[in-house]
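Here are a few friendly notes to read alongside the structure. Take them one at a time, and keep the picture open as you go.

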Amino acid sequence: MSHDAPTVGIVSLGCPKALVDSERILTKLRSQGYAVSPDYDGADVVIVNTCGFLDSAKQESLEAIGEAIAENGRVVVTGCMGVEEGRIRAAFPDVLAVTGPHQYEAVVGAVNEAAPPIHDPFVHLVPPDGLRLTPRHYAYLKISEGCNNRCSFCIIPQLRGDLVSRPINRVLMEAEKLAKAGVKELLVISQDTSAYGVDLKYAESDFRGRLVRSKFFDLANELGNLGIWVRLHYVYPYPHVDQVIPLMADGKILPYLDIPFQHASPHVLKAMRRPAHAEKTLERIRRWRDVCPDLAIRSTFIVGFPGETDEDFEALLDFVEESDIDRVGCFRYEPVQGAPSNDLPGAVPAHVMEERWNALMETAQAVSAARLQTRVGREIDVIIDSVDGDGATGRSVWDAPEIDGGVFIPHEDDLSPGDIVRVRVAKASEYDLEADLV
Ligand code: SF4
């Protein structure tokens with residue numbers, strides 16, 4: 001294959017955090033003059049950014065590596081599954097290099113070796129916001145790596161290590177740059193956003209001539225000054241989260257919290273080693289909604305965790321109902337190689353897990369439908385994601401991209417992605433709204 005500039009393709013698997021890693025790798029390679037190929041054929045080398053969270057994700061990663069080898073043949077593997085280099089090399093002896101999560105330099109080095117860059121100062125220009133894989137109007141903002149928690153079903157701390165927060169001035173500078181480049185919505189991500197800055201002992205750093213603390217509240221408050229939508233993901237229901245709710249009530253950041261509760265029964269939470277208590281959590285959510293009645297909560301839950309009894313599961317259903325969780329994602333428990341929960345007794349049979357999954361999704365759907373009904377007749381802001389001949393599709397402040405529902409505005413095909421428009425909600429279904437421009 002011959003090109004003026006070497007060309008790289010990327011297959012990005014896994015969570016939004018992995019997507020941010022892919023963006024960083026691509027930004028670095030673009031700054032060295034590489035072109036990005038949308039397909040296997042045009043690429044001098046293909047990077048596969050893998051996910052190693054669940055065994056099913058590992059399987060998917062192996063399949064993606066196999067496909068890239070078959071289609072292109074020159075493959076560099078990176079990401080969470082990269083820690084299992086032996087397994088990857090056993091299956092695919094021809095991979096050029098295997099690197100683990102966050103080893104940006106090593107990935108870039110491997111690509112440089114496989115397809116050396118051509119020095120051209122004009123090609124080396126990169127857009128000011130770096131290169132992003134998300135649409136232009138929203139961007140993920142990664143504030144830390146790793147995690148200090150030790151949930152028994154999770155191997156992320158083994159893969160990524162303890163929490164390492166980025167100093168706040170770097171995070172804010174990146175956020176400011178993204179806003180200047182036209183991003184309208186920032187999605188703050190990490191493994192545990194509410195723990196931000198703990199490892200730095202909340203150290204202050206200079207941002208635009210002011211000292212700002214690397215702390216969850218300060219981060220939310222400062223991002224709220226940018227004048228764009230700011231959405232918080234992967235937050236724990238710790239007491240200090242109370243402080244950001246007034247920022248939501250004041251419209252500084254979006255009234256949205258993505259809190260992966262995972263369960264509600266104290267017995268299961270203990271086995272999961274999760275820092276939470278359902279009773280206190282319910283009280284906390286009620287207080288949050290007293291301060292900010294519009295608050296939407298998204299959460300994920302695991303059903304069929306080892307030892308989960310019928311009573312535990314009932315407690316989970318009650319919690320979802322009583323807490324009015326707006327958006328629910330539900331996983332069936334899956335043992336992950338290396339996770340302590342594999343040794344727990346009381347495996348839940350597959351058919352019981354399936355029944356519980358269905359029951360939880362049914363309950364969650366009813367809660368979602370009832371919550372959305374309360375929005376009918378209201379005037380709300382919607383950010384537009386896509387437009388076609390039938391109309392425009394966007395999201396309210398209560399919907400994150402890719403995981404939540406949306407708002408459809410029929411017949412409005414003059415709008416553009418990234419527009420924020422005022423609409424009146426006309427109808428609601430289980431997960432989505434339909435609205436008309438005001
Ligand atoms: S909080 Fe728990 S589930 Fe999330 S990354 Fe940390 S250890 Fe894993």
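**Notes on the domains, the ligand shell and a hairpin**

1. Let us begin with two of the domains. Taken over C-alpha atoms, the centres of domain 1 and domain 2 are 28 Å apart. Please keep in mind throughout that this is a predicted model.

2. Who takes part where these two meet? Domain 1 gives 13 residues to the contact, and domain 2 gives eleven residues. On the side of domain 1 that touches domain 2, the elements giving two or more residues are α1 (16-31) and α2 (55-71). By residue class, the side of domain 1 that touches domain 2 divides into eight nonpolar, three polar and two charged residues.

3. Now for the domain bounds themselves. The assignment for the protein chain places domain 1 at 7-114, domain 2 at 138-373 and domain 3 at 379-437. From a separate record, an unreviewed UniProt entry, comes the annotation "domain: MTTase N-terminal", which covers residues 6-116. In the model, the C-alpha atoms at the ends of residues 6-116 lie 7 Å apart, and this span is 46% helix and 19% strand.

4. Next, the whole chain. How many helices and strands does the protein chain have? Its secondary structure comes to twelve helices and 20 strands. The radius of gyration of the protein chain is 23 Å, close to the 22 Å that the globule rule gives for 438 residues, so the chain is as compact as a globular protein of that length. Along its principal axes, the C-alpha trace spans about 60 × 55 × 50 Å.

5. Which residues surround the ligand? They are C147, N149, R150, C151, C154, I156, P157, Q191 and D192. This shell divides into five nonpolar, two polar and two charged residues.

6. Strand β10 (residues 204-207) pairs with strand β11 (residues 210-213) in the antiparallel sense, over four bridges. Within this pair, F207 stands opposite R210 in β11. The two strands, β10 and β11, form a hairpin with two residues between them.

Terms used: Residues numbered from 1 in each chain as written. Predicted model: local features only at pLDDT ≥ 70, side-chain atom pairs only at ≥ 80, totals over all residues. Pairing = 2+ DSSP bridges. Domains from an automatic or database assignment. Contact = placed C-beta atoms within 7 Å. Nonpolar A, V, L, I, M, F, W, Y, C, P; charged D, E, K, R; others polar. Near = placed C-beta within 6 Å. UniProt positions renumbered as here; feature names shortened; annotations may be inferred. Rg over C-alpha atoms; globule rule 2.2 N^0.38 Å.
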